[in-house]
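Subject: Structure handover and notes

Hello,

Here is the structure we spoke about, for you to open alongside this email. My notes on it follow below.

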Amino acid sequence: MASLCIKKPPTPKISVSTRRLKTIDIHKFCEDVTLQLSSIPTGVSDLDSYVTAFENNLRNVMDVHAPVKTYTKKLNSISPWFNDDIHSARKLRRQLERKWRQKGKLEVCRQEYCKQRGVVATLIRQAKVLLLLN
């Protein structure tokens, strides 16, 4: 049997920035926003500078209460053999499994589920074979 020395290409990565908004103390946040908004000069005639000052003040409050966290995430690539038929068959399989479990594990529901399980396995096998042959 022969062996190939082919390396899998690296998984692409992206950088994601997010804020944990659920952890904000609303009362303290409202107090800080009110304080910051009162510090914006009201005699500004240029709307753009007023909006910029407003955005900067709100961003400063957000940075205090929910700082930006940046992390690297791997992109999960969809397998080349996966298609819409397999997706819909798997979806139906999950529905039939839930139905079987919720109906007190009736034999009729189990047979439908097992039949669909075989359909999904066959579809995946055929898709993989077609991918390898092409």
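Does Glu97 count as buried, partly exposed or exposed, and at what relative accessibility? Glu97 counts as partly exposed, because its relative accessibility is 23%. The cut-offs are these: buried means under 20% relative accessible area, exposed means over 50%, and partly exposed is in between, with a 1.4 Å probe and protein chains only.

Before going on, note that this is a predicted model, in which local features need pLDDT of at least 70 and side-chain atom pairs count only at pLDDT 80 or more, while totals for chains, interfaces and linings use all residues. Residues are numbered from 1 along each chain as its sequence is written, and side-chain values use heavy atoms, with hydrogens and water left out.

Salt bridges

Side chains of opposite charge can pair when their charged atoms come close. A salt bridge here is a side-chain nitrogen of Lys or Arg within 4 Å of a carboxyl oxygen of Asp or Glu. Searching the whole structure gives four salt bridges. Three of them are described here.

Glu97 pairs with Arg101, and the closest N and O atoms are 3.2 Å apart. The two residues are four apart in helix α3, so about one helical turn separates Glu97 from Arg101.

Glu112 and Lys99 form another salt bridge, at 3.6 Å from N to O. Glu112 is in helix α4 and Lys99 is in helix α3, so this pair ties together parts that are 13 residues apart in sequence. Glu112 is partly exposed because its relative accessibility is 34%. Lys99 is also partly exposed, with a relative accessible area of 34%.

Arg110 and Glu107 make a salt bridge too, with 3.8 Å between the closest N and O atoms. They are three residues apart in helix α4, so about one helical turn lies between them. Arg110 is partly exposed at 35% relative accessibility, and Glu107 is partly exposed with a relative accessible area of 46%.

How the helices pack

Two packed helices are described by the angle between their axes and the distance between the axes. Axes are lines fitted to C-alpha atoms, for helices over the stretch in contact, and angles run from 0 to 180 degrees between N-to-C directions.

The axes of α3 and α4 come within 9 Å and cross at roughly 160 degrees. That angle is why α3 is called roughly antiparallel to α4. The cut-offs are under 35 degrees for roughly parallel, over 145 for roughly antiparallel, 65 to 115 for roughly perpendicular, and oblique for the rest. The crossing of α3 past α4 is left-handed. A crossing is left-handed if the near helix is turned anticlockwise from the far one by less than a right angle, and right-handed if clockwise.

Helix α1 (residues 26-38) packs with α2 at an angle of about 150 degrees, and their axes are 10 Å apart. So α1 is roughly antiparallel to α2. Here α1 passes α2 in a right-handed crossing.

Leu37 is found in helix α1. It is partly exposed, with a relative accessible area of 33%. The C-alpha atoms of Leu37 and Phe54 are separated by 7.1 Å, with the two residues 17 apart along the chain.

Tyr50 and its patch

Tyr50 lies in helix α2 (residues 47-65). Tyr50 counts as partly exposed because its relative accessibility is 33%. Together with Leu47 and Val51, Tyr50 forms a nonpolar patch on the surface with about 270 Å² of accessible area. Patches are made of residues with over 30% relative accessible area and no salt bridge: like charges are joined within 9 Å, and nonpolar side chains (Val, Leu, Ile, Met, Phe, Trp, Tyr) within 5 Å. Accessible areas come from the Shrake-Rupley method with a 1.4 Å probe, and for residues only the protein chains shown count as cover.

A backbone detail

Most residues other than glycine have a negative phi. Lys105, which is not glycine, has a positive phi near 60 degrees. Lys105 is in the loop between α3 (84-102) and α4 (107-133).

Regards
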